[in-house]
Amino acid sequence: MSLAITQLPDFPLGLKNGVGALHGCQLYVGLGSAGKRFFHLDLDAVSEGWKACEAFPGTARNDALMIADETGLWVFSGAGQPPESRSAQVLTDVYHYCVDSGRWDKVDTDIPVGLLGASGCEISSGKFAFFGGYNKAIFDSFVAKITSVDPDEEPEKHHALLVEFMSRKPEEYHWNQNVLQFDTASSMWHVLMENPFSANCGASLIQDGAKVILIDGEIKPGLRSTQVKQFTFHPFGEIEASTLPSITSQELEHEGVAGAYSGVLNNQYFVAGGAYFIGSQQRLRERQWYTHQGLTKHYNNQVWRFDGSRWIQAGELPVGSAYGVSITTDKGIVIVGGEDNKGNGLTHCYLMNWNN
């Protein structure tokens, strides 16, 4: 068996911190560094390239969450600056894109918690589950304070604000600790369960039937988790939470990854790329809570494969990157864009397969 990565048509512009989803054979990608723009690619006719969709009508945003269902595409939360705000904030709005009409509509609901950086998927028809997400009040307050201080005119004050915020323990950020459900028919929210693991943001989500797997992600800004969490949604509402072996079981120096690409190939789980700070786990062991202060941010190019019992390095991406879009399709895992080690949004689009 070997990893095969083939090129698909480049995305029309550099894309990072955006969203994507598959509806039928159409791959939809946008937001993030694409602003309000959205594009779609027909996976049955890739030679035709990416085509523009109607622009997103809401506030431009980074790190939102998109889920597809039979009716179309749903966009939740993200961080952006509404017209009436002087700084970016966690957004609590929801939008729906009807694939039949090609139109966006704002949904009459408000997200009850911050879902910036959260992970989510459809667990049954019209029922979406969400894991993690930034605390809106804490995020909004910090961003408002630090953007009000000019780092050139008041560097010491600006630095002090940053150090104070980044030096908090994970639990002091109060990220969303519940597994939430959204019902598309009623636009209502409720809590499914309390997450027994540390609240995550930027985790890679793999859906495998009734199982939802969350790989690594952050447990505070700059510090990654090294846990692989599994949630099994049983009939009649029971949810079983457990862990799978971690990549650290094969690579002791694994720092965890955030913003990695992931998916399923030949009934095996794959995770690729992602970003982390070299030395942050050692800082955690030393209880230095500003775990990434002065450290180098590394953009990973490794591809890992979980065969059901352990993680094995399966190959490498063409370039180390993170914070792009990855979607499992019947043709393979599609990877779109991402950020490289210079902070550039990438245009590349790959199809990843595991071949005999």
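Leu27 stands opposite Leu41 in β4, where strands are DSSP runs of E with at least two residues, helices are runs of H or I with at least four residues, and both are numbered from the N terminus. The model is predicted, so that local features need pLDDT of at least 70 and side-chain atom pairs count only at pLDDT 80 or more, while totals for chains, interfaces and linings use all residues. Residues are numbered from 1 along each chain as its sequence is written, and side-chain values use heavy atoms, with hydrogens and water left out.

**Sheets and strand pairs**

Strand β3 (residues 26–30) runs antiparallel to strand β4 (residues 38–42) and pairs with it over five bridges; two strands pair if DSSP finds at least two bridges between them. An open sheet of four strands with antiparallel pairing has the order β2-β3-β4-β5, and its edge strands, β2 (19–23) and β5 (51–52), each pair on one side only.

| Strand pair | Bridges and sense | Opposite residues |
|---|---|---|
| β3 and β4 | five, antiparallel | Leu27 and Leu41 |
| β6 and β7 (72–76) | five, antiparallel | Asp69 and Gly72 |

Strands β12 and β13 form a hairpin with two residues between them, and Gly126 in the turn has a positive phi of about 75 degrees.

**The helix pair**

The axes of helix α1 (residues 136–147) and helix α2 (residues 155–166) come within 10 Å and cross at roughly 165 degrees, the axes being lines fitted to C-alpha atoms over the stretch in contact and the angles running from 0 to 180 degrees between N-to-C directions. That makes α1 roughly antiparallel to α2, a term for angles over 145 degrees. Ile138, Phe142, Lys145 and Ile146 of α1 make the contact with His158, Leu161, Leu162 and Phe165 of α2, contact meaning heavy atoms within 4.5 Å. These residues divide into six nonpolar, one polar and one charged, where Ala, Val, Leu, Ile, Met, Phe, Trp, Tyr, Cys and Pro count as nonpolar, Asp, Glu, Lys and Arg as charged, and the others, Gly among them, as polar.

**Salt bridges**

A search of the whole structure finds eight salt bridges, each a side-chain nitrogen of Lys or Arg within 4 Å of a carboxyl oxygen of Asp or Glu. Lys16 forms one with Glu339, their closest N and O atoms being 3.1 Å apart. This pair links distant parts of the chain, 323 residues apart, with Lys16 in the loop between β1 (2–7) and β2 and Glu339 in the loop between β29 (332–336) and β30 (349–355).

Terms used: Angles under 35 degrees count as roughly parallel, over 145 as roughly antiparallel, 65 to 115 as roughly perpendicular and the rest as oblique.
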